[in-house]
Amino acid sequence: MQLQVLNSPFNQEQAELLNRLLPTLTESQKVWLSGYLAASQSFSATATSDVQASATGTVQTAAQPVSKEVTILFGSQTGNAQNIAKNAGKTLEGQGFQVTVSSMSDFKPNSLKKVKNLLIVVSTHGEGDPPDNAISFHEFIHGKRAPKLDDLRYSVLSLGDSSYEFFCQTGKDFDKRLEELGGKRLYDRVDCDLDFDEPAAEWLNGVLSSLNQSTGENAQPQATAQAAPQAGESVYSRSNPFKAEILENINLNGKGSNKETRHLEISLEGSGLTYQPGDSLGIYPENDPELVDALLKELKWNPDETVTVNKQGETRSLYEALRTYFEVTVLTKPLLQQAAELSKNNELQTLVSKGNEDKLKEYIDGRDLLDLVRDFGPWDVTPQAFISILRKMPSRLYSISSSLLANPDEVHLTIGAVRYEAHGRKRKGVCSIQAAERLEPGDTIPVYIQHNDNFKLPENPDTPIIMVGPGTGVAPFRSFMQEREETGAEGKSWLFFGDQHFVTDFLYQTEWQRWVKDGVLTKMDVAFSRDTEEKVYVQHRMQEHSKELFEWLQEGAVVYICGDEKNMAHDVHNTLIEIIEKEGKMSREKAEAYLADMQQQKRYQRDVY
């Protein structure tokens, strides 16, 4: 909407200035500006009331002291929200605040009534669901036992992926519910896409500004989403990845397999990077050169033209920008909405208009930027204007399949190559196909370690463990076994592994068999779904051993699940409940409570995607 003298409180000169400024602002800049104006208005109103009271001689009661205690709760599946929360805590402590940082699963919900300043940092998992360590707190907040929170001031930072329908839904849920319970916002909720560093830093700056104003402080620190490395820590991180050399790249599947699973061995020598079993390796991949060439040919652009790729003014050739910096294989609703603003195509305008949400969702599914360019051209825009609507290339996280104790200065990955056909074109996974087709020993790739405290071996090495990991989901359990072999852990261990065919798809077969023979792995049950007339999966093997499996649970075993969330993890979850119900002679409700209690005790951990 264009501001005019008639539809706004601004004069002609102000309206013209704002009309030139507002279209140039990013969403995060708009959020920051709205918070700044709201805080300024609040400060102005307070000052005015003080002056009026002084002029009339009104006796003012002493203002209630504002608490400098801040509680930061995080809900995190992969570790991003946890890292941001911990960094925010360090920044606030540096400003003189007394900070408590806690996972939502470790926080006692009954303590919420005592909290005055609450910061929520939470990711959204799957189809709008809270991450595992946020489930119990999410249920409490939305339940009948949630208290009135009239004295609470809060702010929410929500992490998500705009290619999903329920983008940042968990953060939106918390924000709305805390308001319903009487809480007042310290700073408006900020929803972050995959490239969350800048909006997260702006959110933290906004929160700090609001806290400092309310406590009478004037400090205006510049917060960042990444903590500065401490003594002894590596200088390499998500925002400063290490260029690691490929040592080995092997296909684990046998001849004739329907699958291609790459085993990568990568050197960390000289990086200072360390990891624990259960952590992940982040990789910044490159787009397929053939796809980039097709895009440039369709748009008839010069690949050597120089473009600016970020706010810092960094420049690259158009070809390099599309190959290494921007995401071109995924379409999102925000992308299509912005593309419609650049296009005169009526079909695209209609597709993104209100009421066509289902059609938009259907179009986005399985299509990429080349489809968009071809379907709604011609594009009468500059390359700079076009790339400004693209998302930065997100990193890909892979569960580490090695132990650092067993492989000093190395990290191993187990990556399934993604190939499929959709809408008349062959499609390729960005990182998996780079690994399968274009990475050779001696090449380097940008990597970082993503620590994951939500998927860890038990502190007591005598604790029994049950691992369920079909396909590439077996990766972290290879790291578990290597670690336990190195440390001499004596607790029982049981692996459920599944894939399509025994002959071609038994990943790391000789290693598992050796660990069973040596007693490092106590039991192993396998399910090869395509070797029998009736498909058999890991959950069927679990049911076959339900009595013994429940005995292990009663002995305190920790259950780990890694792999596909939508199907496998869902089926295994339900199977566990059925086993507990049957063998424990419990009602369904009590069996669900039993498993929820295991999760609360960190005896049920999932690394699912």
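**Helix packing and nonpolar cores in a predicted model**

Helix α7 passes helix α8 in a right-handed crossing; a crossing is right-handed if the near helix is turned clockwise from the far one by less than a right angle, and left-handed if anticlockwise. This is a predicted model, in which local features need pLDDT of at least 70 and side-chain atom pairs count only at pLDDT 80 or more, while totals for chains, interfaces and linings use all residues. Residues are numbered from 1 along each chain as its sequence is written, and side-chain values use heavy atoms, with hydrogens and water left out.

**The chain as a whole**

- The chain holds 21 helices and 21 strands; these are DSSP runs numbered from the N terminus, with helices (H or I) of at least four residues and strands (E) of at least two.
- Of its 609 residues, 49% count as buried. Buried means under 20% relative accessible area, exposed means over 50%, and partly exposed lies in between (1.4 Å probe, protein chains only).
- Among contacts with a separation of 6 or more, 75% are between residues 24 or more positions apart; contact means heavy atoms within 4.5 Å.

**Two helix pairs**

- Two packed helices are described by the angle between their axes and the distance between the axes. Axes are lines fitted to C-alpha atoms, for helices over the stretch in contact, and angles run from 0 to 180 degrees between N-to-C directions.
- The axes of α7 (residues 289-299) and α8 (residues 318-325) come within 10 Å and cross at roughly 135°. The two helices are therefore oblique to each other. Angles under 35 degrees count as roughly parallel, over 145 as roughly antiparallel, 65 to 115 as roughly perpendicular, and the rest as oblique.
- In this contact, α7 contributes Pro 289, Val 292, Asp 293 and Leu 296, and α8 contributes Leu 318, Tyr 319, Leu 322 and Arg 323. These residues divide into six nonpolar, no polar and two charged. Ala, Val, Leu, Ile, Met, Phe, Trp, Tyr, Cys and Pro count as nonpolar, Asp, Glu, Lys and Arg as charged, and the others, Gly among them, as polar.
- Helices α19 (residues 546-554) and α20 (residues 565-583) pack at about 90°, with axes 9 Å apart, which makes α19 roughly perpendicular to α20.
- The α19 side of this contact includes Leu 549 and Phe 550, and the α20 side includes Leu 576 and Ile 579. Its residues divide into six nonpolar, one polar and three charged.

**Nonpolar cores**

- A nonpolar core is a set of buried Ala, Val, Leu, Ile, Met, Phe, Trp, Tyr and Cys residues joined through side-chain atoms within 4.5 Å.
- The largest core has 36 residues, of which Leu 336, Leu 348, Leu 369, Leu 372 and Trp 379 touch the most other members. Among the elements that give it two or more residues are α7, α8 and α12 (369-375). The largest share, five residues, comes from α7.
- Beyond its neighbours within four places in sequence, Leu 372 contacts Leu 331, Leu 336, Ala 339, Leu 348, Tyr 363 and Trp 379.
- A second, separate core of 26 residues includes Ile 466, Trp 494, Leu 549 and Leu 576.

**Backbone details in loops**

- The peptide bond from Gly 377 to Pro 378 is cis, with omega near 0°. Pro 378 lies in the loop between α12 and α13.
- Lys 585 is not a glycine, yet has a positive phi of about 50°. This residue is in the loop between α20 and α21 (588-600) and is exposed, with a relative accessible area of 75%.
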